[in-house]
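Try each task yourself before you read its solution.

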Amino acid sequence: MAEESSNLLVRGPAFIEQQEFDPESIRNAVLDKLFYVRGKYPRIATSNDYYMALAYCVRDMMLRRWVSTAAAYTETQTRTVAYLSAEYLMGPHLGNNLVNLGIYDDVKVAMSQFGLDFDTLLAEEPEPGLGNGGLGRLAACFIDSLATLEVPTLAYGIRYEFGIFEQHIIDGWQVERTDKWLQYGNPWEIARPEWAVDVKLGGWTEHYTDELGRKRVRWVPERLVQGVPHDTPILGYRSNTANTLRLWRADAPKSFDFSVFNRGDYYGAVAQKVESENLSKVLYPNDEQVQGKELRLQQQYFFVSCSLQDMLRILEVQGIALDRFHEKFAVQLNDTHPAIGVAELMRLLVDKYFVTWNRAWQITRNTFSFTNHTLLPEALEQWPVELFKRVLPRHLEIIYEINRRFLDELRIRYLADDHKLAELSLINESGERYVRMANLACVGSHAINGVAELHTSLLQKHVMPGFAELWPEKFSNKTNGVTPRRWVVLANPRLSELMTEALGDKWISDLEELRALEPLIDDAGFREKWRDVKRANKADMMSRMRTQSAGPVDVDSMFDVLVKRIHEYKRQHLSVLYVISHYLRLKNGLDDNLPPRTFIYGGKAAPGYHFAKLMIKLINSVGEVVNNDPFTRDRLRVVFMPNFNVTTGQRLYPAADLSEQISLAGKEASGTGNMKFAMNGALTIGTMDGANIEIRQAVGADNFFDFGLSSEAVERLRNEGYRPRDYYERDPELAAVIQLLESGLFAHGDTSLFKPLVDQLLNYDPYFLMADFRAYCDCQRHVSDTYIDHERWARMSILNTARSGKFSSDRTIREYCEDIWHVKPMPIDLFTDHEAFLQ
């Protein structure tokens, strides 16, 4: 490694420019790690050994930034964002860290000197599946942007031992397998057992009067669980800032009971450890049973309590007064999962630190802000009161008291309007009593935001109208965004190189710079290079699809892609209905002039969501027929990519020609896959839902294929009495599709397999597929006509990328910082020798 600057401190990015990581230095560092950390020499080292050695080298390169950042935050007592999220879908760390350090190419050269294929080496890293979909991936994009923008941040979550399941497809059905992402260790994290905290669960409360005559409450828990933090550095792009992702692992305060062991009860000796570790064992246990619900509530409370206790520890270390907690920390609740934090902070302040109720409530409300991510009523978490009392008896008392005071305020404002009080109460009293976590988050936060303009509007009108009327000043919109570092620079190096060659590299940290691509749409040479990049990306993806038993795929066919969590409202089955229609028209010789298409699907269904699993089976069954029909297989292919995750997304987004965003209008909060596709030059076919509306506004209506009912039209049709069978009866093409589904063609003659799906579409159709089918088919034909004109398609593709600047998560984070958190960037000065740590 080159000699470092003699200055003790080097300001900002200048340090990166002075510190050289040349291939020879990197190669020698990897050999050192191979020997001293892995205990191997090259002849017997595996690819995983080389990956681990390289990962430890890169972590070492990051450590100076990480420690310098932590020291600066401690010494300056800077205001800090504390991001609470039950999910972080980070994706592999190695490639992203190399991009942010600016040494990706040098490391690639260094590894080639070992005779290693760099892509194979990158593939050795298991993906931490610590999220279910968009929520966790958004959190990962946000903390990338927070570090890049030099915003002081601590991100908190759970270190699940087993992440979201690995999806295998067997006979067309989803089968879940355990995700053992920690099987070979995690080189990116550092355990901090010295900062472990105890978390109470169960038991009862005791009310007493202290020696000063004050009424107090003592929580006597049934059991204690220990939370052990594991820290991962989150590096900003070409920045000295390295923030911390702190994930909590559950352990038992006493792991082994010798007295029980000596009595011969060998399982009992470790029972407490096993029971405690279950809290961080798996992401989202199946909550169809009461035990699953209880474990999920315990998980949420566990990580929130650990995190708030950790913030109080930091307050003490930095010598900040307790009543300035809300000045030190801006705590963001990422959906309702961490909403229990409102009651937990009140418990800590009132019961442990003896802060008066009114002052504690003032601190709490000024600390928290709440992001809502859904319009689906079933996703607004509610917990049965009896379950809640069994797990968190003290918190139920606190919620009751918050609610009593809140309802008293409402009675004065609304003159005892019982309907209004019932709507806003923290307790749902209709039938079995439930604790409403979204209501708790709204009452206990100073700010509430949606994640797209339409979503925020519908949130205020339909989901939380009472709160919007009561506190309109709390509500704002913060349209989601994604990080261009992972989703363009890392995922699409060919496109990144082409754009950097044309514009320079400022666009990587300021995506609005891509606007300068617009004049190049008239440059025939640039359009040809743009098409070459897309075709090369498709060829890469094509070779991967061959391994999925889809047969040969035409690289010049249109790659029509729909990848996201499998759910009825996302309407993957609407796309399949169109595939069947397309198949029928080809068979009948009606669409001989249409370009070949490859329909690519991916996504996981929740293990207990049987209808979504049937949708996956439908995709694979239709694919089995059309891919094996000699009359159509050269012009129509259907591929399902198993186990869709961040790694697969990095390959697929750059290869897509068409992005399918076809959820029912008024159901998708925002979507972020739509943004990743647009950044990589895919055109969108979509409904006016979520962020699709804003993408269409940004890229221009002429560069977006929109169709379908608006959210207002859906509501109007629902109120008038929606009859899906009417659409079946008056549309012969739709009727032919449904009849083919009923015939058993796609189920080896079994007419019962897809009957539940057909029956739902004809008789109920809650997501209005039948109503949107005709408009969708017509729009798809417009897509085909446009794709035939390669020059026009290239222009539209370039404009989609050029106008995607708004959808960088950097923009979103700036808005949060300015409007909600009131946090300012803090450039980091790096320590340049060990003596600096002693000062």
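**Exercise 1. Find the strand order of the six-strand open sheet, and say which strands stand at its edges.**

Step 1: Trace the order, which is S21-S20-S19-S22-S23-S24, with parallel pairing. Strands here are DSSP E runs of at least two residues, helices are H or I runs of at least four, and both are numbered from the N terminus. Two strands pair if DSSP finds at least two bridges between them.

Step 2: Look at the ends. Strand S21 (636–641) and strand S24 (705–706) each have a single partner strand, so one side of each is left without a neighbour in the sheet.

Step 3: Check one pairing. Strand S20 (residues 597–602) runs parallel to S21, with six bridges between them, and arginine 597 stands opposite leucine 636 in S21.

A note before going on: this is a predicted model, in which local features need pLDDT of at least 70 and side-chain atom pairs count only at pLDDT 80 or more, while totals for chains, interfaces and linings use all residues. Residues are numbered from 1 along each chain as its sequence is written, and side-chain values use heavy atoms, with hydrogens and water left out.

**Exercise 2. Identify the neighbours of strand S17 (residues 447–450) and the directions its residues point.**

Step 1: Strand S13 (residues 368–371) joins S17 through three bridges in parallel; phenylalanine 370 has isoleucine 448 as its bridge partner.

Step 2: Strand S18 (residues 475–477) also pairs with S17 in the parallel sense, over three bridges. Here isoleucine 448 stands opposite phenylalanine 475.

Step 3: Ala447 and Asn449 point one way, Ile448 and Gly450 the other way, and all are buried. Buried means under 20% relative accessible area, exposed over 50%, and partly exposed in between (1.4 Å probe, protein chains only).

**Exercise 3. Describe the surroundings of asparagine 334.**

Step 1: Asparagine 334 lies in strand S12 (residues 329–334) and is buried, with a relative accessible area of 0%.

Step 2: Its side chain makes polar contacts with the side chains of serine 85 (3.0 Å) and histidine 373 (2.6 Å). A polar contact is a pair of N or O atoms within 3.5 Å; within protein, one must be able to donate a hydrogen and the other to accept it, and residues adjacent in sequence count only if both atoms are side-chain atoms.

Step 3: Other residues that asparagine 334 touches include Tyr83, Leu135 and Thr371, where contact means heavy atoms within 4.5 Å.

**Exercise 4. Which residues touch the most other members of the largest nonpolar core?**

Step 1: A nonpolar core is a set of buried Ala, Val, Leu, Ile, Met, Phe, Trp, Tyr and Cys residues joined through side-chain atoms within 4.5 Å.

Step 2: Among the 114 residues of the largest core, the answer is Phe388 and Trp821. Helix H10 (residues 290–317) gives the largest share, 12 residues.

Step 3: Phenylalanine 388 touches residues including Leu297, Trp383 and Val435.

Step 4: A second, separate core of 68 residues includes Tyr722 and Ala771.

**Exercise 5. Where is the kink in helix H32 (residues 769–788) centred?**

Step 1: The kink is centred on alanine 775 and is about 25°. The bend at a residue is the angle between axes fitted to the seven residues ending there and the seven starting there.

Step 2: As for burial, 14 of the 20 residues of H32 are buried.

Notes:
Lists of a residue's contacts leave out its neighbours within four places in sequence.
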